[in-house]
Amino acid sequence: MRPGHGEVLIAEGDIELGEDRERLVEEFRRQLDQGLWAAVPVGDERKEARMVTSFDEVPGDSERVIFFPRAAGG
Amino acid sequence: MILAVAATAIIVIALLAEELVPLLAQKWRRHKARVKRVPAPASDPGRERRAEQRARELLRTCVGEEQWAMYRDLGFLRVWGTLSDARDTGGAPYAFLIYPHQPIVAYLAQTHRLLSEYCVAFPDRERPYGSELLPDSDDVLAKWMALTGDERRLLEEANMHLPGRHHDPAKVKRDLWRLGQWERSRMREQPAPQTAGN
(Lines give C-alpha, C1' and ligand atoms only; values in the text may rest on other atoms or scores of the structure.)
Protein backbone atom coordinates (compact mmCIF):
# COMPACT_ATOMS: atom_id res chain seq x y z
CA MET A 1 0.00 0.00 0.00
CA ARG A 2 1.27 3.43 -0.85
CA PRO A 3 -0.21 6.69 0.35
CA GLY A 4 -1.94 8.39 -2.54
CA HIS A 5 -1.89 5.28 -4.70
CA GLY A 6 -3.37 2.39 -2.79
CA GLU A 7 -2.42 -1.11 -3.75
CA VAL A 8 0.60 -1.54 -6.00
CA LEU A 9 1.84 -4.94 -7.18
CA ILE A 10 5.54 -5.15 -6.31
CA ALA A 11 6.47 -8.64 -7.41
CA GLU A 12 4.89 -12.00 -8.03
CA GLY A 13 6.20 -15.46 -8.62
CA ASP A 14 6.21 -19.10 -7.60
CA ILE A 15 8.33 -19.77 -4.50
CA GLU A 16 8.92 -23.29 -5.75
CA LEU A 17 10.96 -21.88 -8.60
CA GLY A 18 14.47 -20.88 -7.52
CA GLU A 19 14.73 -17.77 -9.63
CA ASP A 20 11.29 -16.50 -8.60
CA ARG A 21 11.97 -17.19 -4.95
CA GLU A 22 15.26 -15.31 -5.07
CA ARG A 23 13.54 -12.31 -6.60
CA LEU A 24 10.71 -12.40 -4.06
CA VAL A 25 13.15 -12.63 -1.15
CA GLU A 26 15.14 -9.72 -2.52
CA GLU A 27 12.03 -7.59 -2.94
CA PHE A 28 10.82 -8.57 0.52
CA ARG A 29 14.08 -7.35 2.06
CA ARG A 30 14.00 -4.17 0.02
CA GLN A 31 10.53 -3.27 1.27
CA LEU A 32 11.48 -3.90 4.89
CA ASP A 33 14.68 -1.90 4.43
CA GLN A 34 12.50 1.00 3.30
CA GLY A 35 10.84 0.84 6.69
CA LEU A 36 7.59 -0.83 5.70
CA TRP A 37 5.76 -3.43 7.76
CA ALA A 38 4.80 -6.75 6.20
CA ALA A 39 1.71 -8.77 7.02
CA VAL A 40 0.06 -11.92 5.76
CA PRO A 41 -3.70 -12.48 6.09
CA VAL A 42 -4.29 -15.91 7.63
CA GLY A 43 -7.15 -17.99 9.01
CA ASP A 44 -10.29 -19.47 7.52
CA GLU A 45 -13.21 -18.97 9.90
CA ARG A 46 -11.79 -16.05 11.82
CA LYS A 47 -9.40 -14.01 9.75
CA GLU A 48 -6.44 -12.19 11.20
CA ALA A 49 -3.07 -10.95 10.06
CA ARG A 50 0.36 -12.24 10.89
CA MET A 51 3.16 -9.70 10.95
CA VAL A 52 6.32 -11.08 9.41
CA THR A 53 9.86 -9.76 9.58
CA SER A 54 11.63 -12.29 7.36
CA PHE A 55 10.68 -14.19 4.26
CA ASP A 56 11.00 -17.49 6.13
CA GLU A 57 8.16 -16.45 8.43
CA VAL A 58 5.72 -16.23 5.52
CA PRO A 59 3.47 -19.31 5.61
CA GLY A 60 4.11 -21.51 2.62
CA ASP A 61 0.49 -21.44 1.47
CA SER A 62 0.21 -17.64 1.56
CA GLU A 63 -1.04 -16.04 -1.59
CA ARG A 64 0.42 -12.64 -0.82
CA VAL A 65 2.37 -10.48 1.54
CA ILE A 66 1.08 -6.96 2.08
CA PHE A 67 3.56 -4.18 2.80
CA PHE A 68 2.30 -1.03 4.42
CA PRO A 69 3.78 2.04 6.05
CA ARG A 70 4.79 1.73 9.67
CA ALA A 71 2.34 3.01 12.20
CA ALA A 72 3.07 6.28 13.89
CA GLY A 73 1.24 8.21 16.52
CA GLY A 74 -1.31 10.35 14.72
CA MET B 1 12.06 82.22 -10.58
CA ILE B 2 14.30 79.12 -10.71
CA LEU B 3 13.54 78.44 -7.09
CA ALA B 4 9.81 78.55 -7.77
CA VAL B 5 10.11 76.15 -10.72
CA ALA B 6 12.28 73.77 -8.69
CA ALA B 7 9.81 73.80 -5.81
CA THR B 8 6.91 73.13 -8.17
CA ALA B 9 8.85 70.28 -9.82
CA ILE B 10 9.56 68.70 -6.43
CA ILE B 11 5.89 68.86 -5.47
CA VAL B 12 4.82 67.34 -8.81
CA ILE B 13 7.37 64.52 -8.48
CA ALA B 14 6.26 63.79 -4.92
CA LEU B 15 2.61 63.63 -5.94
CA LEU B 16 3.39 61.39 -8.91
CA ALA B 17 5.58 59.12 -6.80
CA GLU B 18 2.74 58.56 -4.36
CA GLU B 19 0.63 57.21 -7.24
CA LEU B 20 3.34 55.59 -9.32
CA VAL B 21 5.35 53.67 -6.72
CA PRO B 22 2.55 51.29 -5.65
CA LEU B 23 1.61 50.81 -9.31
CA LEU B 24 5.19 49.94 -10.27
CA ALA B 25 5.56 47.65 -7.25
CA GLN B 26 2.38 45.81 -8.22
CA LYS B 27 3.56 45.43 -11.81
CA TRP B 28 6.90 44.06 -10.55
CA ARG B 29 5.14 41.53 -8.30
CA ARG B 30 2.94 40.40 -11.18
CA HIS B 31 5.96 40.03 -13.41
CA LYS B 32 7.75 37.90 -10.82
CA ALA B 33 4.67 35.79 -10.27
CA ARG B 34 4.44 35.12 -14.01
CA VAL B 35 8.08 34.09 -14.11
CA LYS B 36 7.71 31.80 -11.11
CA ARG B 37 4.49 30.18 -12.25
CA VAL B 38 4.68 26.44 -11.56
CA PRO B 39 2.90 24.17 -14.00
CA ALA B 40 -0.03 22.40 -12.38
CA PRO B 41 0.26 18.61 -12.22
CA ALA B 42 -1.79 16.69 -14.72
CA SER B 43 -5.26 16.48 -13.28
CA ASP B 44 -6.67 13.00 -12.72
CA PRO B 45 -9.86 13.26 -10.71
CA GLY B 46 -10.47 9.51 -10.95
CA ARG B 47 -7.19 8.46 -9.36
CA GLU B 48 -8.39 8.61 -5.77
CA ARG B 49 -11.64 6.87 -6.65
CA ARG B 50 -9.80 4.07 -8.45
CA ALA B 51 -7.35 3.72 -5.55
CA GLU B 52 -10.28 3.44 -3.13
CA GLN B 53 -11.97 0.82 -5.30
CA ARG B 54 -8.77 -1.26 -5.32
CA ALA B 55 -8.43 -0.76 -1.58
CA ARG B 56 -11.99 -1.96 -0.93
CA GLU B 57 -11.36 -5.09 -2.97
CA LEU B 58 -8.13 -5.78 -1.10
CA LEU B 59 -9.87 -5.26 2.24
CA ARG B 60 -12.69 -7.59 1.23
CA THR B 61 -10.31 -10.39 0.35
CA CYS B 62 -8.23 -10.00 3.51
CA VAL B 63 -10.65 -9.60 6.40
CA GLY B 64 -13.21 -12.26 5.58
CA GLU B 65 -16.86 -12.13 4.65
CA GLU B 66 -18.35 -11.05 8.00
CA GLN B 67 -15.86 -8.26 8.66
CA TRP B 68 -16.19 -7.03 5.11
CA ALA B 69 -19.97 -6.92 5.41
CA MET B 70 -19.61 -5.02 8.68
CA TYR B 71 -17.43 -2.39 7.07
CA ARG B 72 -19.61 -2.17 3.98
CA ASP B 73 -22.82 -1.78 5.98
CA LEU B 74 -21.65 0.22 8.99
CA GLY B 75 -18.49 2.03 7.87
CA PHE B 76 -16.22 0.59 10.57
CA LEU B 77 -14.69 -2.69 11.71
CA ARG B 78 -14.82 -4.30 15.14
CA VAL B 79 -11.71 -6.20 16.24
CA TRP B 80 -11.56 -8.13 19.50
CA GLY B 81 -8.73 -7.30 21.90
CA THR B 82 -6.43 -10.13 22.87
CA LEU B 83 -4.15 -8.78 25.61
CA SER B 84 -4.71 -10.25 29.05
CA ASP B 85 -3.23 -7.17 30.73
CA ALA B 86 -4.97 -4.55 28.60
CA ARG B 87 -5.29 -1.15 30.20
CA ASP B 88 -8.44 -0.44 32.29
CA THR B 89 -10.19 -3.66 31.31
CA GLY B 90 -9.75 -5.59 34.56
CA GLY B 91 -9.49 -8.71 32.43
CA ALA B 92 -12.93 -8.20 30.88
CA PRO B 93 -13.42 -8.76 27.15
CA TYR B 94 -12.76 -5.67 25.13
CA ALA B 95 -12.70 -4.68 21.50
CA PHE B 96 -11.74 -1.92 19.11
CA LEU B 97 -13.66 0.01 16.50
CA ILE B 98 -11.61 0.88 13.43
CA TYR B 99 -12.70 3.91 11.43
CA PRO B 100 -10.99 5.21 8.28
CA HIS B 101 -8.59 8.04 9.09
CA GLN B 102 -9.91 8.44 12.60
CA PRO B 103 -8.60 7.16 15.91
CA ILE B 104 -9.23 3.58 16.94
CA VAL B 105 -11.71 3.35 19.83
CA ALA B 106 -11.26 0.77 22.59
CA TYR B 107 -14.31 -0.27 24.65
CA LEU B 108 -15.52 -2.92 27.04
CA ALA B 109 -17.54 -5.47 25.11
CA GLN B 110 -20.27 -6.09 27.68
CA THR B 111 -20.90 -2.65 29.11
CA HIS B 112 -19.87 -0.61 26.04
CA ARG B 113 -17.86 1.64 28.32
CA LEU B 114 -15.40 3.56 26.18
CA LEU B 115 -11.83 3.05 27.33
CA SER B 116 -9.60 5.17 25.13
CA GLU B 117 -8.84 6.47 21.68
CA TYR B 118 -5.67 5.47 19.84
CA CYS B 119 -4.47 7.94 17.23
CA VAL B 120 -2.43 6.20 14.62
CA ALA B 121 -1.39 7.03 11.07
CA PHE B 122 0.57 5.32 8.32
CA PRO B 123 2.64 8.13 6.81
CA ASP B 124 4.93 7.91 3.82
CA ARG B 125 8.36 7.96 5.50
CA GLU B 126 10.02 9.14 2.33
CA ARG B 127 7.88 12.27 2.39
CA PRO B 128 7.05 12.84 6.04
CA TYR B 129 5.71 16.33 5.45
CA GLY B 130 2.62 16.74 3.36
CA SER B 131 2.53 13.11 2.35
CA GLU B 132 -0.70 11.86 0.86
CA LEU B 133 -3.02 9.61 2.80
CA LEU B 134 -3.77 5.97 2.22
CA PRO B 135 -7.17 5.40 0.64
CA ASP B 136 -9.86 4.98 3.32
CA SER B 137 -10.13 1.22 3.00
CA ASP B 138 -6.34 0.79 2.99
CA ASP B 139 -6.16 2.80 6.21
CA VAL B 140 -8.74 0.46 7.75
CA LEU B 141 -6.88 -2.60 6.46
CA ALA B 142 -3.54 -1.33 7.79
CA LYS B 143 -5.08 -0.81 11.23
CA TRP B 144 -6.76 -4.22 11.07
CA MET B 145 -3.50 -5.97 10.11
CA ALA B 146 -1.49 -4.13 12.74
CA LEU B 147 -4.09 -4.79 15.46
CA THR B 148 -4.69 -8.45 14.73
CA GLY B 149 -1.02 -9.07 13.91
CA ASP B 150 0.62 -7.32 16.83
CA GLU B 151 -1.84 -5.46 19.03
CA ARG B 152 0.69 -4.50 21.68
CA ARG B 153 3.09 -2.93 19.21
CA LEU B 154 0.38 -0.90 17.50
CA LEU B 155 -0.94 0.42 20.81
CA GLU B 156 2.60 1.36 21.83
CA GLU B 157 3.12 3.28 18.60
CA ALA B 158 -0.20 5.10 18.84
CA ASN B 159 -0.96 8.24 20.80
CA MET B 160 -3.52 7.36 23.42
CA HIS B 161 -6.22 9.78 24.51
CA LEU B 162 -9.22 9.63 26.76
CA PRO B 163 -12.56 8.95 25.02
CA GLY B 164 -14.10 12.05 23.53
CA ARG B 165 -10.89 13.66 22.31
CA HIS B 166 -11.68 13.07 18.63
CA HIS B 167 -14.81 10.94 18.51
CA ASP B 168 -18.14 12.08 19.87
CA PRO B 169 -18.84 9.46 22.56
CA ALA B 170 -22.56 9.62 21.78
CA LYS B 171 -21.85 8.74 18.15
CA VAL B 172 -19.60 5.85 19.14
CA LYS B 173 -22.30 4.52 21.49
CA ARG B 174 -24.75 4.79 18.63
CA ASP B 175 -22.33 2.87 16.40
CA LEU B 176 -22.11 0.14 19.04
CA TRP B 177 -25.90 -0.03 19.14
CA ARG B 178 -25.98 -0.21 15.31
CA LEU B 179 -23.39 -2.99 15.46
CA GLY B 180 -25.55 -4.95 17.88
CA GLN B 181 -28.60 -4.53 15.66
CA TRP B 182 -26.59 -5.52 12.63
CA GLU B 183 -25.31 -8.70 14.31
CA ARG B 184 -28.80 -9.70 15.45
CA SER B 185 -30.10 -9.13 11.96
CA ARG B 186 -27.40 -11.34 10.48
CA MET B 187 -28.08 -14.09 13.01
CA ARG B 188 -31.76 -14.05 12.08
CA GLU B 189 -30.92 -14.31 8.40
CA GLN B 190 -28.64 -17.30 8.86
CA PRO B 191 -30.34 -20.67 8.36
CA ALA B 192 -31.06 -22.60 11.56
CA PRO B 193 -28.58 -25.43 12.18
CA GLN B 194 -29.87 -28.90 11.32
CA THR B 195 -30.43 -31.03 14.44
CA ALA B 196 -30.18 -34.81 14.63
CA GLY B 197 -33.44 -36.47 13.66
CA ASN B 198 -34.52 -33.69 11.32
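Here is a short chat about helices and a chain contact.

Modeller: First, this is a predicted model: local features need pLDDT of at least 70, side-chain atom pairs count only at pLDDT 80 or more, and totals for chains, interfaces and linings use all residues. Residues are numbered from 1 along each chain as its sequence is written, while chains are lettered from A and ligands numbered from 1 in the order in which they are written.

Colleague: What makes H4(B) largely enclosed by the rest of the structure?

Modeller: A residue is buried if 20 or more other C-beta atoms, placed from the backbone, lie within 10 Å of its own. For H4(B), 14 of the 14 residues are buried, so the helix is largely enclosed.

Colleague: Why is H2(B) called oblique to H3(B)?

Modeller: The axes (lines fitted to C-alpha atoms over the stretch in contact, with angles from 0 to 180 degrees between N-to-C directions) of H2(B), residues 47-63, and H3(B), residues 65-74, cross at roughly 140° and come within 6 Å. Under 35 degrees is roughly parallel, over 145 roughly antiparallel, 65 to 115 roughly perpendicular, and the rest oblique. That angle therefore makes H2(B) oblique to H3(B).

Colleague: Which residues of H2(B) and H3(B) meet there?

Modeller: B:Leu59, B:Arg60 and B:Val63 in H2(B) meet B:Gln67, B:Trp68 and B:Tyr71 in H3(B). Contact needs C-beta atoms, placed from the backbone, within 7 Å.

Colleague: And how many residues of chain A are in contact with chain B?

Modeller: 22 residues of chain A are in contact with 32 residues of chain B. S2(A) gives the most to chain A's side, with 4 residues.

Conventions:
Buried ≥ 20, exposed ≤ 12 C-beta atoms within 10 Å, placed from the backbone. Helix = DSSP H or I, 4+ residues; strand = E, 2+ residues; numbered from the N terminus. Contact = placed C-beta atoms within 7 Å.
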